[in-house]
Amino acid sequence: MSKIVYKKPRVIAEIGCNHKGEFETALEMIKIAKIFCNADVVKFQKRNNKELLTPEQYNAPHPNPHNSYGSTYGEHREFLEFSVEQHKKLYEFCKEMGIVYSTSVWDMTSAKEISALNPEMIKIPSACNNNLKMLQWLCDSYPGEIHVSVGMTTHEEEENIVQLFEKSGRNRDLVLYSCTSGYPVPFEDVCLMEIKRLVNTYGDTVKEIGFSGHHNGIAIDIAAYTLGATIFERHYTLNRTWKGTDHAASLEPDGLRRLKRNLLATYNSLSYKSSEILPIEQVQRDKLKYRE
């Protein structure tokens, strides 16, 4: 019987837009993610809103005015957007702190801007994974890991993404994430067995299979790990009651810390006995084991 070897899990603290457009808050979140939570990566988002949105979408009111930072959806998005210069400072601060910087790019302009920083990894969100032109540009022009979520994506669309990377010779730099696109997602819609499907279908083709969870709590992430996910992306906030749509589906620092702790504990536990009687057991065997 071949033995399963589990890879050490990595945790991504997705800050996204949970910084509320405040640069100093973003720096504080990086520091806490590294020092207190022991996260491996922090991730932001980059959008060129006028490229991404139609004029009608840009000028429409936010669908949930209570969470809006502007009088229109476009103003709301611009308020939360950091400049390229600010992203460079975030990247440099991450290097100082010893944590990996990453960003989700939502459009071609943002992909080019962030790739110019040469980060270790770039993420493509589920909403944009069918932008094959952007994916092709990244394959051709960006040398790092390319992470792609497959929420709200058909199996045919998944296959098209993987084939694009294979044809470009970049499939070993591709990380696919099982994901259900909802905020938050009830447990019955998380569908953890999709991780197993991705492992069985693409595990020998891509670099890793990840899990981008939008559920509440941290109980099921352990199951996701045992099913084959090796990198875990969770939205992260300093206060789940803050204004914004993502905070409710986010982990506060103690939740993120516990998630990393529990994943590492599981990693250290998923092994076979090195001998039929372990040294720790031998002491108890000598003392307690029944003898004729």
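Modeller: Helices here are DSSP runs of H or I with at least four residues, strands are runs of E with at least two, and both are numbered from the N terminus. By that rule Gln163 lies in helix α8, residues 155-167. This is a predicted model: local features need pLDDT of at least 70, side-chain atom pairs count only at pLDDT 80 or more, and totals for chains, interfaces and linings use all residues. Residues are numbered from 1 along each chain as its sequence is written, and side-chain values use heavy atoms, with hydrogens and water left out.

Biologist: How many helices and strands does the protein chain have?

Modeller: The protein chain has 12 helices and 8 strands.

Biologist: What makes the protein chain as compact as a globular protein of its length?

Modeller: The radius of gyration is taken over C-alpha atoms, and the globule rule is 2.2 Å times the number of residues to the power 0.38. For 292 residues the rule gives 19 Å, and the radius of gyration of the protein chain is 21 Å, close to that value, so the chain is as compact as a globular protein of that length.

Biologist: Why is Gln163 called partly exposed?

Modeller: Buried means under 20% relative accessible area, exposed means over 50%, and partly exposed is in between, with a 1.4 Å probe and protein chains only. Gln163 has a relative accessible area of 31%, so Gln163 is partly exposed.

Biologist: Why is His62 called buried?

Modeller: The relative accessible area of His62 is 8%, which is under 20%, so His62 is buried. His62 lies in the loop between α3 (55-59) and α4 (73-80).

Biologist: Which residues does His62 touch, not counting those up to four places away in sequence?

Modeller: Contact means heavy atoms within 4.5 Å. On that basis His62 touches Asn67, Ser68, Thr72, Tyr73, His76 and Thr245.

Biologist: Why does Ser115 count as buried?

Modeller: Ser115 has 12% relative accessibility, under the 20% limit, and therefore counts as buried. Ser115 lies in helix α6, residues 108-115. Leaving aside neighbours within four places in sequence, Ser115 is in contact with Ile122, Trp137 and Tyr142.

Biologist: How do you know that the side chain of Ser115 has a polar contact with Ala111?

Modeller: A polar contact is a pair of N or O atoms within 3.5 Å; within protein, one must be able to donate a hydrogen and the other to accept it, and residues adjacent in sequence count only if both atoms are side-chain atoms. The backbone oxygen of Ala111 lies 3.0 Å from a polar atom of the Ser115 side chain.
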